[in-house]
Amino acid sequence: MKQFLALTLTLILAVCLSQCGTGRAVSSSQNNTAGNNGLTGTALDSTKGLKDYFANDFTIGVAVSPRALKTDEASLILKHFGSMTPENAMKMGPIHPRENEYFWRDADSIAAFAKANGLKLRGHTLCWHNQAPRWMFVNEKGDTVSKAVLLQRLKDHITTVVSRYKGTIYAWDVVNEAISDRGDEYLRNSPWYRICGEEFIAKAFEYAHAADPNAILFYNDYNEINPVKREKIYKLVKGLKDAGIPIHGVGLQAHWAINEPSAEELENTLSKFSSLGVQVQITELDISVYNKEHNSRERRAEDTVTAFTAEKQAKQIEMYKRIFSAFEKYKKSISGVTFWNISDRSSWLDNFPVRGRKDYPLLFDRNLQPKQAFWEVVKTAGR
Ligand code: GLA
């Protein structure tokens, strides 16, 4: 009898504990949904990911490292994102370290994950002045190569990389950041430009198109909200398109912050690029919780204050609401919105513009939980 009583009590305790556990989980997820955001109808569904809310609007993507795909961030990716961009693995230097040597492992592992899980994959990036291998621009004596040699190297690189991922990568950032940030300069004074002149841009698109005629080809750049730079990006893309170069989209990086873009800058930017008649994608979205600074700099005393305060959170929420409402307005032109990194656990902004200054630019916190900004963003979907 004693034994029976003890068993019964243990069972009751076990049931109670498990229900209390469920109760806590439900109430915390309700807190995240109904409690915090007043969502109605479709919204109260914790099985739904970010990508599902925006399924009728645009693809939601994320920049990844091969390492992240082996951690608990992998299941977050599968739940919330419909597309991936390799953060570094397909850049020219990492993937093509020496003239006769490609390093495929990291890029291949990301491609395999995308394939195995049915995610779309954006390729990034075929021609860029940063993270380009040093050998690309010089001969064995260390002298600068001729235009003919450099274009041949560019062709070999693009043909090899694009062919390898043909059918897996649906869109490529073909040329990255070729426009100058200087008001008085059109194209950036990069080795590409110095050696080849403007032609390397059109050539890169032609090589990519020849290697994979089905890939959607993008020109990608930042500071797109700046009116002067915006005009130059527009001029470049329109010029290529009018000349019959196979360019199909413009990528707006959208490395933004709590204090920019203004509603007006955003509206002007999206309306301008939508008028081009090519796809628009937001390719590298993040909202820094610090005021925007465009150049890296030394650490200052105030940079040690890095808590994610209620004030920073409120400003970030407002900015996320502003930009997603604007994306909704232009959803006919916008085919993708990609976040640059997965969660606040780690972002390139932790080291830019100030090394070691923690930032919180994304929609998931360091424990991979949706932030309040997530629920505010979700509310803009389907508008
Ligand atoms: C640019 C590049 C990205 C990345 C970020 C910083 O936006 O396009 O690949 O390097 O800078 O992480």
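How many residues does helix 9 have, and how far does it reach from its first C-alpha to its last? Helix 9 (residues 227–242) has 16 residues and reaches 22 Å, close to the 22 Å expected at 1.5 Å a residue, where the expected span is 1.5 Å times one less than the number of residues. This is a predicted model, in which local features need pLDDT of at least 70, side-chain atom pairs count only at pLDDT 80 or more, and totals for chains, interfaces and linings use all residues. Residues are numbered from 1 along each chain as its sequence is written. Helices (H or I, at least four residues) and strands (E, at least two) are DSSP runs, numbered from the N terminus.

**Helix 9**
- Arg230, Lys232, Ile233, Leu236 and Val237 are buried (20 or more other C-beta atoms within 10 Å of a residue's own, with C-beta atoms placed from the backbone; exposed means 12 or fewer, partly exposed in between).
- These residues lie on the same side of helix 9 because they cover an arc of only 165 degrees around the axis, taken from the directions from the helix axis to the C-beta atoms.
- Exposed Pro227, Lys235 and Asp242 sit on the face turned away from the buried side.
- Just after helix 9, Gly244 has a positive phi of about 80 degrees.

**Strand 1**
- Six of the six residues of strand 1 (residues 59–64) are buried, so the strand is largely enclosed by the rest of the structure.
- Thr59, Gly61 and Ala63 point one way, and Ile60, Val62 and Val64 the other.

**Strand pairing**
- Strand 1 runs parallel to strand 2 (residues 83–86), joined by four bridges; strands pair if DSSP finds at least two bridges between them.
- Val64 has Pro86 of strand 2 as its bridge partner.
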